[in-house]
Protein chains: 2
Amino acid sequence: MCEANAYFVRNGEEELIMESVDLIEPESDDTWRLVGIFGDRKTIKGRIKQMNLVDHKILFEQ
Amino acid sequence: MCEANAYFVRNGEEELIMESVDLIEPESDDTWRLVGIFGDRKTIKGRIKQMNLVDHKILFEQ
């Protein structure tokens, strides 16, 4: 499976927001809807800093 | 490997932009740098419409 984990980067530290994210969609400006492989959902306010698919990481920042 | 293919959605059609994308990073407003698993690079102007990691798809739109 190729889901990724989502992190929020704050002061250089990566805080785990959500594991096993499948879908990422914009909801509005700087707001993203994350949907996990089990259908769980979370809304994140922030900008995408980097997505590293091979490392399964999605990084958000303020 | 969990790289994805990047598409541009125009008039409902998905045009392949780049295969085997590993890294996605913002370059400036609505401009994204894509780096492939072999280090190849491409810059895309557009907004992220959806990322579907399990399906290995990244969709951009104008």
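**Exercise 1. Classify Lys49(A) by accessibility and find its salt-bridge partner.**

Step 1. Lys49(A) has a relative accessible area of 34%. Buried means under 20% relative accessible area, exposed over 50%, and partly exposed in between (1.4 Å probe, protein chains only). Lys49(A) is therefore partly exposed.

Step 2. A salt bridge is a side-chain nitrogen of Lys or Arg within 4 Å of a carboxyl oxygen of Asp or Glu. The side chain of Lys49(A) meets that of Glu61(A) in such a bridge, at 3.8 Å from N to O.

Step 3. Helices (H or I, at least four residues) and strands (E, at least two) are DSSP runs, numbered from the N terminus. Glu61(A) is in strand β6 (residues 57-61) of chain A and Lys49(A) in strand β5 of chain A; the pair links distant parts of the chain, 12 residues apart.

Conventions: this is a predicted model, in which local features need pLDDT of at least 70 and side-chain atom pairs count only at pLDDT 80 or more, while totals for chains, interfaces and linings use all residues. Residues are numbered from 1 along each chain as its sequence is written, chains are lettered from A and ligands numbered from 1 in the order in which they are written, and side-chain values use heavy atoms, with hydrogens and water left out.

**Exercise 2. Describe salt bridges of chain B, then give the count over all chains.**

Step 1. Arg33(B) bridges to Glu27(B), with the closest N and O atoms 3.2 Å apart. Arg33(B) is partly exposed at 23% relative accessibility, and Glu27(B) is partly exposed at 40%.

Step 2. Arg47(B) and Glu61(B) form a salt bridge at 3.5 Å, N to O. Arg47(B) lies in strand β5 of chain B and Glu61(B) in strand β6 (residues 57-61) of chain B, so the bridge ties together parts 14 residues apart in sequence. Arg47(B) has 38% relative accessibility and counts as partly exposed.

Step 3. In chain A, Glu25(A), Glu27(A) and Arg33(A) are joined into one network by salt bridges that share partners. Over all chains the count is 12 salt bridges.

**Exercise 3. Characterise the interface of chain B and chain A.**

Step 1. Contact means heavy atoms within 4.5 Å. The contact takes 21 residues from chain B and 21 residues from chain A.

Step 2. Buried area is the accessible area (1.4 Å probe) that two parts lose on being put together, summed over both. The two chains bury about 1800 Å² between them, with 66% of it on carbon and sulfur atoms. Cys2(B), Met51(B) and Leu53(B) supply 37% of the area that chain B buries against chain A, more than any other three residues.

Step 3. Zero salt bridges are found across this interface.

Step 4. On the side of chain B that touches chain A, β2 (13-28) and β5 (47-52) of chain B each supply at least two residues. β2(B) gives the most, with six residues.

Step 5. Two strands pair if DSSP finds at least two bridges between them. Strand β5 (residues 47-52) of chain A is joined to β2(B) by two bridges, and the strands run antiparallel. Asn52(A) stands opposite Leu23(B) in β2(B).

**Exercise 4. Locate Leu16(B) and list its contacts beyond four places in sequence.**

Step 1. Leu16(B) is in strand β2 of chain B and is partly exposed, with a relative accessible area of 46%.

Step 2. Leaving aside neighbours within four places in sequence, Leu16(B) is in contact with Asn5(B), Ala6(B) and Tyr7(B).
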